[in-house]
Amino acid sequence: MTLAPKASGRFERFDAPDKPKGNGNGWYRIHSPQAASFGIWHLDVSEVVTLNDVSNSEAVAQSRLEAIRERDRRDRKRQQCEAQAAEKARRWWSEAAPGDPAHPWLARKRLPPHALRQHGKVLLVPLYVEGGLVNLERIFPDGNKRTLAGGRVRGVASLIGRLTGAGRVLVAEGWSTAAALHEVMGCPVVVARNADNLALVARRLRQRLPDADITICGDDDRHLPAKGKPNKGSVEARHAALAIGADLLMPSFCEGCRHCTDFADVRLCRLGGGHGG
Ligand SMILES: [Zn+2]
């Protein structure tokens with residue numbers, strides 16, 4: 001990335017290097033020849049840099065203040081968007097029909113809808129934080145999944161089964177993996193949606209159920225190391241299990257199968273029905 005900084009004294013945007021071109025997720029402001037502040041929104045980073053010796057402490061202090069203000073502005077905006085999405089989620093949820101057991105995606109996965117609801121052809125997975133509905137994951141007939149735009153995703157979770165009185169609780173990434181585990185194991189399964197969310201959701205669950213026997217059931221992203229990427233599912237599942245003193249369960253694959261990565265895949269493979277999607 002090359003950047004030709006403009007000493008305009010105003011907020012300027014630049015592209016964060018880890019996001020697609022044109023993202024504008026970075027910002028900077030050059031306050032004086034001595035000090036500038038910059039940040040990257042999606043990483044929640046903001047810093048003040050001094051360009052020379054700190055000969056102008058007022059400018060440095062001003063820069064820090066600006067960085068804090070910019071972060072506050074961003075936080076408020078995000079909270080507004082999240083509140084709007086939560087309202088939409090509650091409205092859609094209350095108006096939706098029960099999930100249709102014949103929905104093509106459920107049929108391919110050979111899973112019942114449990115508590116899912118349906119809006120037209122789209123399945124809705126309710127996503128909660130602290131018992132409040134904050135977002136919906138929409139599952140389209142082709143298997144594509146999308147949450148509501150601007151809605152909260154960090155720390156959100158869904159549940160298959162009931163936590164009350166449960167001696168053993170499982171935590172998994174995706175809804176279909178959780179549902180497949182529920183079919184086989186019979187115990188409640190918490191859906192954390194993705195690997196990045198596992199540890200956060202596991203910690204909340206541990207707070208709520210200090211004595212429960214919790215098992216983190218990871219995805220095995222075994223195809224990623226060959227592409228030079230870490231096996232995120234495995235790494236984050238281990239991390240979550242260690243963080244809360246939970247057991248770890250990883251799928252064991254059928255011989256010769258190179259497709260399966262999670263428990264839902266493995267269940268389908270064993271049922272002999274292909275891999276869903
Ligand atoms: Zn398989």
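Helices (H or I, at least four residues) and strands (E, at least two) are taken here as DSSP runs, numbered from the N terminus. The model is predicted, so local features need pLDDT of at least 70 and side-chain atom pairs count only at pLDDT 80 or more, while totals for chains, interfaces and linings use all residues. Residues are numbered from 1 along each chain as its sequence is written, and side-chain values use heavy atoms, with hydrogens and water left out.

## Overall architecture

The protein chain contains six helices and 14 strands. Its C-alpha trace spans about 70 × 45 × 40 Å along the principal axes. The domain assignment, whose bounds come from an automatic or database source, gives domain 1 (12–83) and domain 2 (97–271). The C-alpha centres of domain 1 and domain 2 are 36 Å apart.

Of the 277 residues in the protein chain, 46% are buried; buried means under 20% relative accessible area, exposed means over 50%, and partly exposed lies in between (1.4 Å probe, protein chains only). The accessible surface of the protein chain comes to about 15,000 Å², and carbon and sulfur atoms account for 50% of that surface. Such areas come from the Shrake-Rupley method with a 1.4 Å probe, and for residues only the protein chains shown count as cover. Among contacts (heavy atoms within 4.5 Å) between residues at least 6 apart in sequence, 49% join residues at least 24 apart.

A pocket is an open set of points on a 1 Å grid over the protein atoms alone, with protein on both sides within 12 Å along at least five of seven lines; a 1.4 Å probe fits at the points, and lining residues have an atom within 4 Å of a point. Grid points are joined across faces, edges and corners, and a volume is the space filled by probe spheres set on the points.

The largest pocket holds about 930 Å³ of space. Its lining comprises 27 residues, and those nearest its centre are His42, Arg78, Glu82, Val153 and Arg154. Strand S4 (45–50) and helix H1 (57–95) are the elements that give two or more residues to this lining. The largest share, eight residues, comes from H1. Because domain 1 (12–83) and domain 2 (97–271) both contribute lining residues, the largest pocket lies between them.

The second largest pocket has a volume of about 630 Å³. It is lined by 23 residues, of which Tyr128, Gly131, Leu159, Leu163 and Arg208 are the closest to its centre. At least two lining residues come from each of strand S7 (122–129), strand S10 (158–160) and helix H4 (198–208). H4 supplies the largest share, five residues.

## Helix H3 and its end

Helix H3 (residues 175–185) is largely enclosed by the rest of the structure, because eight of its 11 residues are buried. The buried residues in H3 are Trp175, Ser176, Thr177, Ala178, Ala179, Ala180, Leu181 and His182. Just after H3, Gly186 adopts a positive phi of about 80°.

## Individual residues

Glu47 is located in strand S4. With a relative accessibility of 42%, Glu47 counts as partly exposed. When residues up to four places away in sequence are not counted, Glu47 touches Ala36, Ser37 and Phe38. Glu47 and Thr215 are 168 residues apart in sequence, and their C-alpha atoms are 39 Å apart in space.

Glu95 belongs to helix H1. It is exposed, with a relative accessible area of 57%. The C-alpha atom of Glu95 is separated by 8.0 Å from that of His119, which is 24 residues apart from it along the chain.

Most residues other than glycine have a negative phi. Arg110, although not a glycine, has a positive phi of about 55°. It lies in the loop between helix H2 (104–109) and strand S6 (117–119), and at 40% relative accessibility Arg110 counts as partly exposed. Arg193 also has a positive phi, near 80°, and is a residue other than glycine. Its place is in the loop between strand S12 (189–191) and H4.
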